[in-house]
Structure formats: C-alpha cells, structure tokens
Amino acid sequence: MRSAAQILRESATIAVVGASRDRGKTAHAVPLQIQRHGWRIVPVNPFADRIFGERAYRTLADIPFPVDLVNVFRPSADATQVVKDALAIGAPAIWLQQDIYSPEGRALAAEAGVDFLENTCIAVVRAVHAITGPDTPAADRG
C-alpha cells in the first residue's frame, strides 16, 4: 500500500467526486489548489457542466479516459458507493477527504488491491510534502 505522498506523486489525473461550483466550499477550494499545483482535475458533479475550467462529468463511469486517483468530497454515508464506482472504472487509488470514512469501502479497496485513504486532506499532504503535479496528464505519458 502506497503512502499518501506516494499516491499524490504518482498521480497525474485526479477525478474529484463531489467537486463544487461554490467557491466558498472546501470541495471547490481544495481541488482548485491541487489543479493550480499541476494536476489534471476532472470534476464529477451531476449538476454542473464545467468546474475549474474543466468539463464536469455526471458520474465516474462517464469519464472516457483513465484516472490515477479518485478524490472524494461526499458524505461518509455516500462513500461506499463512490468506492464501488471507483473500483468499477479501475481506479488504482481512492482518497476520502478529511472527516470522510467508509469501513466497507476500505474493505472493498483492500480486497481489490487498490490504495485507499480516508480522513486525509489531499491539500495538506501536498503542502506538507511540497509535492507538485506532473507536467502532462496520465493519458499523455508513454
């Protein structure tokens, strides 16, 4: 199992489930910061067409390219289903933001051999380890 810093260093394209259009919400500010530090952010929000200047997808299954990481900004009660959806698209890592937990999701990810984090802020990990994103998205890497 990779550490949080390893996952972030080895990810280029991050799908953000629950990305918000509301600039006052953490689900907007955190992914925007990650985008500004060099990652490709793919917003997943069934009520938005564009967020962070990127096309928003209704579901993870609607994303037509691979993602390296699924970052979750949904209540804990919704997290298990998001984990199932992330596993269904073959995501190699799932990251539940601070104060989001899913014991069932953790077990499903472990069973599938997928990296799993919960109750961890991606922006804090980025800042503490001074990590910057890659220059190219995963789809463009050889």
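**Asp99**

I looked up Asp99 and found it exposed, with a relative accessible area of 56% (exposed is over 50%, buried under 20%, partly exposed in between, with a 1.4 Å probe and protein chains only). Asp99 has a positive phi of about 70 degrees although it is not a glycine. I placed Asp99 in the loop between E6 and helix H4 (103-112); helices (H or I, at least four residues) and strands (E, at least two) are DSSP runs, numbered from the N terminus.

A note on the model: it is predicted, so I kept in mind that local features need pLDDT of at least 70 and side-chain atom pairs pLDDT 80 or more, while totals for chains, interfaces and linings use all residues. Residues are numbered from 1 along each chain as its sequence is written, and side-chain values use heavy atoms, with hydrogens and water left out.

**Asn119**

Asn119 also has a positive phi, about 55 degrees, and is not a glycine. I found Asn119 in the loop between strand E7 (115-117) and H5, and at 29% relative accessibility Asn119 counts as partly exposed.

**Asn45**

Is Asn45 buried or exposed? Asn45 is buried, at 10% relative accessible area. Asn45 sits in the loop between strand E2 (40-44) and strand E3 (50-51). A polar atom of the Asn45 side chain lies 2.7 Å from the backbone nitrogen of Phe47. Leaving out residues up to four places away in sequence, I listed what Asn45 touches (heavy atoms within 4.5 Å): Ala19, Ser20, Ile51, Ala56, Tyr57 and Arg58.

**The largest pocket**

I then turned to the largest pocket, with a volume of about 330 Å³. A pocket here is an open set of points on a 1 Å grid over the protein atoms alone, where a 1.4 Å probe fits, with protein on both sides within 12 Å along at least five of seven lines; lining residues have an atom within 4 Å of a point. The volume is the space filled by probe spheres set on the points, which are joined across faces, edges and corners. Of its 19 lining residues, Gly18, Val44, Asn45, Pro46 and Arg74 are the closest to the centre. Helix H3 (residues 76-88) gives the most to this lining, with four residues.

**The cores**

Which residues have the most contacts inside the largest nonpolar core? They are Leu8, Ile14, Trp39, Ile41, Leu69, Trp95 and Ile122, in a core of 27 residues. Such a core is a set of buried Ala, Val, Leu, Ile, Met, Phe, Trp, Tyr and Cys residues joined through side-chain atoms within 4.5 Å. I also noted a second, separate core of 22 residues, including Val70, Ala86, Ile94 and Phe116.

Technical notes
A polar contact is a pair of N or O atoms within 3.5 Å; within protein, one must be able to donate a hydrogen and the other to accept it, and residues adjacent in sequence count only if both atoms are side-chain atoms.
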